Every structure is written in C-alpha cells, then in structure tokens.
Amino acid sequence: MSKRIYMATFVLALIFVFNSIFCLDATADDKDNYYSEEAISVLLDGEMLRFDSNPVIIEGRTLVPLRTIAEAFHCDVEWDSENLCVKVERDEIVMEIKIGSNWVTEYSSESVSTYQLDVPATIINDRTYLPLRKTADIFGVGVSWDDKTHSVHLSKNLTRDLVIKNHTYYFQNDESLMLPDFGSGYCWACSYAMIINDIVGNVTPLDIKSVNERYFDNGALCYHNIIAQEFGLKLVPAVDKNSEYFERFDSDYGSTYIKNTDKSDEVIINALREALKIHPEGVMVRFEQYPHTIVAVAYVEGEILFNDPAPSLWQQYSDKGVMMAVPFEKTYPYQKGLTLSDMNYIQALDKK
C-alpha cells in the first residue's frame with residue numbers, strides 16, 4: 001500500500017460520520033450529557049481499539065478521540081499548544097488539524113491535499129475529538145457502523161483513488177439554477193459561490209447574483225468587496241506579503257498579483273500551491289486576455305486542479321462535461337489558448 005493511500009485511509013477513519021454531527025466543548029462537569037448506556041466499540045481490521053478516553057455519543061451523535069486512532073495507524077501525534085493545532089505524521093506525510101477549523105490539510109513531498117470536516121475538531125475532557133464523517137464515497141474504502149453492537153468497523157487494507165474532496169462545485173448552465181442567458185457571463189457568481197459556500201455554507205450562484213442586482217440590473221457583474229461583506233467575509237491577499245511570489249494586493253478588487261517576470265507556468269503553480277496552503281477552500285483565478293474565472297482547489301502530484309464553471313455546451317442548459325477538479329489542460333481558458341503564465345491575478349476570501 002502506498003504512503004498516500006495509507007494516510008488517506010487514516011484520514012477517513014478520522015472523518016467518517018454516522019449522522020449529521022454537531023460538536024461541543026465539554027469538561028468533567030458535563031459527563032451527565034454523555035450517552036454511555038451502551039459503550040461504543042471501534043475495530044480496526046477486526047481488532048478492538050483501546051481508548052484512554054472513550055468515544056462518546058452526545059445527544060445521539062458520535063465523537064472519537066484522535067490520538068488512539070492515529071497511533072493504531074502507527075502515526076506520530078504532536079500537539080502545538082501555541083497554535084491549537086494537532087500534527088499527525090507518518091512516512092513523511094503530515095496532517096494538520098486545527099481546533100475549531102473545518103479543514104484538515106495533508107502535506108507530502110508530492111502534493112498538498114485538503115479534507116473538509118462537517119464540523120470542527122473539538123476538545124472534550126482535555127482530549128482532541130473528531131467527528132467520523134461519511135466520506136466513504138469520497139475515499140472509496142470500507143467503513144461501517146453496526147447499530148446492533150454500537151461499533152465502528154474500519155479497514156486499512158483497502159485502496160482508493162486520489163480524489164479532490166468535498167469542494168462545492170457550480171457550473172454556469174446548470175438547469176437547476178436557471179441563470180439568465182444559460183449562465184453566460186456568470187462565471188464570477190459561480191466561482192464566488194463555490195468558495196463562499198465552503199466557508200459559510202448555504203450559498204449558491206443565485207445568492208451572488210442577488211447581491212449584484214442590488215447595485216446593477218445585471219447579476220453577472222461583480223461587486224467584489226460587497227459580495228464578501230454580504231456573507232461576513234473579506235477579500236485578503238492570497239499569498240503572504242513576504243512571499244517571493246507576492247507582487248501587490250489591490251484592496252479595491254481583492255486582487256493578488258503574482259510576481260512572474262519570466263512568464264513561467266512553474267511560478268504560477270508554486271504561487272497557487274502556497275495560496276492553497278493558506279486558503280484550502282480554494283482561490284479564484286483570473287486571466288488577463290480572457291474574462292473568465294476558475295477556482296484552484298488543490299495541488300496534487302505536481303499540478304493544480306481546478307473547478308471551472310464554464311458550460312461545456314453553450315446556449316442551452318446541460319449537465320454534460322462539467323469541469324470539476326480537472327488539470328489546467330482540461331479547463332476552458334486552456335481551450336481558448338491560454339497558459340497558466342497568462343494568469344492575471346488571484347482572489348482569496350477569509351472570515352472577518
């Protein structure tokens with residue numbers, strides 16, 4: 001089994017959920033809130049795991065401690081008290097989980113991947129607990145809940161294909177959205193909605209369109225800062241201002257310009273990789289020669305993957321040929337003859 005498959009299986013073990021989950025911080029005084037009439041068992045390849053702080057059911061919802069499961073997968077666990085972050089490492093693959101964050105970031109020498117939790121990691125009785133969330137379809141491995149025995153069954157012996165996980169995707173000519181003109185010109189609305197929905201939830205391109213229409217009758221136009229503010233967000237530099245790739249930040253449009261004197265695709269890949277470490281929900285990418293926006297969502301095995309909202313069929317509603325988590329060579333800008341080095345600027349959002 002490859003290092004990446006092994007680690008991904010471990011991640012799955014951490015973030016599989018039985019139901020929709022809500023986490024809460026708890027102390028010893030909260031023990032009466034725990035449902036413990038029947039103990040929860042967790043089995044890895046048929047062997048019972050022993051916890052120093054037991055899995056709990058809180059109001060019908062299941063939470064498990066991180067350390068025991070991590071060590072069962074022969075991973076090293078390190079607590080960063082300054083940043084309230086847990087680091088899990090095995091075979092030069094590092095996974096970072098920040099308390100209160102909905103994102104898990106996995107680093108290796110080959111790629112950076114992100115995994116989204118339904119709810120944040122939390123602290124219960126001085127232990128880091130994570131929801132086990134239903135991502136079996138994402139990872140393609142077997143995880144099951146036995147209701148009769150109140151047990152979770154995990155397996156590290158199954159493989160899975162590398163998948164870009166759990167990023168919202170919208171496309172312009174989606175019939176369920178019924179955007180005007182079959183979505184033509186609404187790449188901005190779709191791109192904003194993809195990222196904002198992954199940060200705050202329950203946002204569609206129609207919501208972005210509605211914000212735009214308050215200021216102009218064309219919902220496809222973009223009022224960047226106003227859109228961000230509407231959802232409690234702000235436009236921020238996509239890379240650190242001290243980065244070798246940072247040229248300047250235009251606060252009026254929320255645009256981060258990348259220093260790329262030699263017009264190198266490799267510089268753009270590295271800049272986007274750096275941006276995704278800071279903004280794992282994705283960053284919007286804009287091109288100088290063509291007015292179309294796509295969203296960079298992950299760096300995998302040396303290339304950036306994008307969610308491109310462009311229609312594959314114009315002047316009609318269709319769900320054919322959607323461009324979700326595709327390399328640049330599969331995007332609409334590439335079809336128009338552009339390269340990554342033609343990127344004009346990128347935009348990133350963050351909570352206020």
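Predicted model: local features only at pLDDT ≥ 70, side-chain atom pairs only at ≥ 80, totals over all residues.
Residues are numbered from 1 along each chain as its sequence is written, and side-chain values rest on heavy atoms, without hydrogens or water. Local features need pLDDT of at least 70 and side-chain atom pairs count only at pLDDT 80 or more, while totals for chains, interfaces and linings use all residues.

Rings of Phe, Tyr and Trp (its six-membered ring) pair if their centres lie within 6.5 Å, with planes under 30 degrees apart called stacked, over 60 edge-to-face and the rest tilted. The count comes to eight aromatic pairs. Phe 287 and Phe 328 have ring centres 5.9 Å apart and planes at 35 degrees, so this pair is tilted. Phe 328 also pairs edge-to-face with Tyr 334, at 6.0 Å centre to centre and 85 degrees between the planes. Ring pairs join Phe 287, Phe 306, Phe 328 and Tyr 334 into a cluster. With buried meaning under 20% relative accessible area, exposed over 50% and partly exposed in between (1.4 Å probe, protein chains only), Phe 328 is buried at 4%, whereas Tyr 334 is partly exposed at 41%.

Turning to the cores, a nonpolar core is a set of buried Ala, Val, Leu, Ile, Met, Phe, Trp, Tyr and Cys residues joined through side-chain atoms within 4.5 Å. The largest has 36 residues, of which Tyr 192, Ile 196, Ile 208, Phe 231 and Leu 349 touch the most other members. Leaving aside neighbours within four places in sequence, Phe 231 is in contact (heavy atoms within 4.5 Å) with residues including Ile 196, Val 200 and Ile 208. Another core, of 26 residues, lies apart and has Phe 246 and Ala 296 among them.
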